[in-house]
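This report concerns the arrangement of strands and helices in a single model. Please consult the sequence and the coordinates alongside the text.

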Amino acid sequence: MSKSFLKRSLLDFDPYVPGQQPPDGQGWVKLNTNEAPWPPSPKVLQAVRAAVDESLRLYPSPTWGAAREAIARHHGVGADQVALGNGADELIAMTFRAFTGAGDRVAYPYPTYSLLEPLGRMHECVLAPHPMTADWELPDSFAGDEAPLKFLVNPNSPTGTWLGREAVREVVTRSSGVVVIDEAYVDFAPEHRLDLIREGHENLLILRTFSKSYALAGMRIGYAVGPAAPVAALNLVKDSYNLDRLAIVAARAAIEDREYHDRLVAFVTGERAWLASRLRERGFEVAPSAANFLFARPPTGRDAGNVHAGLWGRRVLVRHYEQEPIAGWLRVTVGTREQHETLLDALEEVMA
């Protein structure tokens, strides 16, 4: 057996597993990775095409140039309160670098975004998952945990459930360390929590992404908003040029095209309600969703693994979970009406 050069914390390590990609060509209905059902704004495509010129030989702005300014204007904060990353995932990794060391405790509700556990292992942290209640609410133990770094995904992934202001505020006010609120899906929810930053909480960072409601998953753009001090800490640990020139151009154009963004969000929330109703008519248990996906469990007596496999055989991709406490659940991205009808027809065949 060859010698392993891995550090000890990565022995028997389970990395993050992204959603499956179609194994061959076209013809798949892809409802497993929470991408947008529409293409990016035409203004974004126009801006990116215009930026493909000889300037690509030059490094991008290390401080994200016009994109940072546009995001700050959009949210009514200073540019020193915004940091950008190669997707929100990089920003999550930056918070581990900035606020934890080996042996430090990192707390989060469970189940939640499954990237947190492997990142904690990479940074040799002590992981402190707090199991959520049967109704996907926060346990009482979470707010009082003294961890120097906490994560709260709201709306949560994979459940799609959303916590209101007072529940989130209690976590922030009772926490002595940094609280990172991952709002990747918040544009599809009733409210965001940027108001807590304006309220003056110094230990709060809010993460956003352009992957969902701006239809730019392929560009890998995320950003953090917070008080100047924790944002400056992210800047200390970021890669030199962590966002390329085209991503900077796309981010600015996307955040400035509010009309297109709002239409996309309205379409998704409308389709979300329609699809949830159709799944419930077929006996599925569907959790209340404030995201661009539905978390659903097949009717009693129906094995979710078999349903997932049957859909795969009909070239329909959804996400299936096997680990407790979400074993037996499926996550279905909100797509177009045509995709939904194909999904429902396939379900009729699978469950016949």
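## Basis of the model

The model is predicted, and local features need pLDDT of at least 70, side-chain atom pairs count only at pLDDT 80 or more, and totals for chains, interfaces and linings use all residues. Residues are numbered from 1 along each chain as its sequence is written, and side-chain values use heavy atoms, with hydrogens and water left out.

Helices (H or I, at least four residues) and strands (E, at least two) are DSSP runs, numbered from the N terminus.

## The seven-stranded sheet

Seven strands form an open sheet with mixed pairing, in the order β2-β8-β7-β6-β5-β3-β4; two strands count as paired if DSSP finds at least two bridges between them. At the edges lie β2 (82-85) and β4 (126-131), each of which pairs on one side only. From one strand to the next, the twist averages 20°. In general, strands of a sheet pair through backbone hydrogen bonds, either parallel or antiparallel.

Both senses can be illustrated here. Strands β5 (residues 149-153) and β6 (residues 178-182) run parallel and are joined by five bridges, with Leu-152 having Ile-181 of β6 as its bridge partner. By contrast, β2 and β8 pair in the antiparallel sense over four bridges, and Gly-85 stands opposite Gly-222 in β8.

Helix α2 (residues 65-75) lies across β2, β7 (204-209) and β8 (222-225), and runs at about 130° to β2. Axes here are lines fitted to C-alpha atoms, for helices over the stretch in contact, and angles run from 0 to 180 degrees between N-to-C directions.

## Helix-helix packing

Helix α3 (residues 87-99) packs with helix α8 (residues 228-237) at an angle of about 95°, their axes being 9 Å apart. The two helices are therefore roughly perpendicular to each other, a class that covers 65 to 115 degrees; angles under 35 degrees count as roughly parallel, over 145 as roughly antiparallel, and the rest as oblique. The contact (heavy atoms within 4.5 Å) involves Leu-91, Met-94, Thr-95, Arg-97, Ala-98 and Phe-99 of α3 and Pro-230, Ala-233, Leu-234 and Val-237 of α8. These residues divide into eight nonpolar, one polar and one charged. Ala, Val, Leu, Ile, Met, Phe, Trp, Tyr, Cys and Pro count as nonpolar, Asp, Glu, Lys and Arg as charged, and the others, Gly among them, as polar.

The axes of helices α11 (residues 304-313) and α12 (residues 337-351) come within 9 Å and cross at roughly 120°, which makes α11 oblique to α12. Asn-306, Val-307, Gly-310 and Leu-311 of α11 meet Leu-343, Ala-346, Leu-347 and Val-350 of α12. Six of the contact residues are nonpolar, two are polar and none is charged.

## Leu-264 in helix α10

Leu-264 belongs to helix α10 (residues 258-281) and counts as buried because its relative accessibility is 0%. Its contacts, leaving aside neighbours within four places in sequence, are Ala-36, Trp-38, Lys-212, Ser-213 and Ala-215. Although Leu-264 and Trp-38 are 226 residues apart along the chain, their C-alpha atoms are separated by 7.2 Å.

## Strand β13 and its partners

Strand β13 (residues 330-333) directs Leu-330 and Val-332 one way and Arg-331 and Thr-333 the other way, and all are buried. Strand β10 (residues 293-297) pairs with β13 in the antiparallel sense over four bridges, and Ala-296 has Leu-330 as its bridge partner. Strand β12 (residues 319-320) also runs antiparallel to β13, joined by two bridges, and His-320 stands opposite Leu-330.

Key:
Buried < 20%, exposed > 50% of the residue type's maximum accessible area, 1.4 Å probe, protein only.
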